[in-house]
Amino acid sequence: MLPPAAGRDVHLAVSTCPEAPRRYRGHDILYWLLETGKHGPEYGVNALTREALPAPAARLACNPLLSGTEGGHDIHLRELGRRGMHLHGRLENVDDGDLTFTDDLPERLATVEAGFNNRMRKAIDGYIAAARIDAPEQPAVPDDDWLPSEMATLNLADAGITSVLWATGYGLDFSFLNMPLLDEWGYPKQKAGVTEQAGLYAVGLPWLTRHYSSILGGVGMDAKDLAARIANGSNVRPRANA
């Protein structure tokens with residue numbers, strides 16, 4: 001077993017957020033997400049648009065596991081486990097220092113590893129093919145069936161754990177809006193940023209129009225389109241594929 005890079009004993013409760021390659025077919029993965037989201041519909045590739053989501057709740061799904069450390073690299077949970085990180089299922093209960101995790105870690109790791117291929121890879125590859133982009137093939141990822149042997153329970157004192165990080169992400173909170181504009185998921189009712197309230201617009205929301213809508217490189221695209229519609233007639237409805 002290789003020592004953890006930080007020289008610390010680390011335990012991780014594994015979510016189902018998908019792994020993704022930091023670089024894919026010659027570019028950073030965010031480059032392809034932006035390009036596919038922006039230009040894909042021109043070539044009939046709509047997998048990364050809002051309309052392609054399986055359900056409204058999918059707008060709030062987690063983003064891929066990626067790191068920008070040392071220029072950016074992949075995050076592969078099994079490899080982290082081999083290097084010494086203790087992998088566990090989802091944290092279910094805490095009782096006086098005793099932690100209980102779900103016993104579905106193998107299934108969770110399989111879900112994490114399949115997520116990119118199930119959706120994003122198909123969309124990006126489809127766009128590259130349809131747009132006839134000259135991009136190198138991605139090297140195949142070797143099969144990896146390594147599994148940790150962690151227990152489903154853990155005592156903080158016995159494990160020497162003195163610090164706990166709650167890395168649960170962020171949720172939407174629009175409680176400051178004193179008007180009935182939210183749906184059952186707390187997401188503003190809107191279409192490409194145009195809400196049901198005259199003069200009130202939104203940008204930067206997850207899946208406002210496409211996968212890129214909530215990331216820094218994509219907010220400007222939605223904002224530019226929304227500003228143009230406002231300038232041309234305030235509450236005019238957005239184009240069909242926006």
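Predicted model: local features only at pLDDT ≥ 70, side-chain atom pairs only at ≥ 80, totals over all residues.
**Helix α3**

At 1.5 Å a residue, its 14 residues should span 20 Å, and the end C-alpha atoms lie 20 Å apart, which agrees. The expected span is 1.5 Å times one less than the number of residues. Helices here are DSSP runs of H or I with at least four residues, strands are runs of E with at least two, and both are numbered from the N terminus.

I then listed the buried residues of α3: Leu105, Arg108, Leu109, Val112 and Phe116. Buried means under 20% relative accessible area, exposed over 50%, and partly exposed in between, with a 1.4 Å probe and protein chains only. These residues pack against β2 (23-24), α1 (29-39), α2 (77-82), β6 (86-88) and α4 (120-130). Contact means heavy atoms within 4.5 Å.

**Conventions**

I noted that residues are numbered from 1 along each chain as its sequence is written, and that side-chain values use heavy atoms, without hydrogens and water. Local features need pLDDT of at least 70 and side-chain atom pairs count only at pLDDT 80 or more, while totals for chains, interfaces and linings use all residues.

**Second largest pocket**

I recorded a volume of about 540 Å³ for the second largest pocket. Of its 18 lining residues, Glu19, Pro21, His76, Glu113 and Val141 are closest to the centre. A pocket is an open set of points on a 1 Å grid over the protein atoms alone where a 1.4 Å probe fits, with protein on both sides within 12 Å along at least five of seven lines; lining residues have an atom within 4 Å of a point. The volume is the space filled by probe spheres set on the points, which are joined across faces, edges and corners. Helix α3 (residues 105-118) gives the most to this lining, with four residues.

**Pro21 and Ile29**

I found Pro21 in the loop between β1 (11-13) and β2. Pro21 is buried, at a relative accessible area of 12%. Beyond four places in sequence, Pro21 touches Ile29, Leu66, Asp74, Phe116 and Gln138. With the same exclusion of residues up to four places away, the contacts of Ile29 include Pro21, Tyr24, Phe116 and Ile124.

**Largest nonpolar core**

I looked up the largest nonpolar core, where Ile29 and Phe116 are among the residues that touch the most other members. Such a core is a set of buried Ala, Val, Leu, Ile, Met, Phe, Trp, Tyr and Cys residues joined through side-chain atoms within 4.5 Å. Its largest share, five residues, comes from α4.
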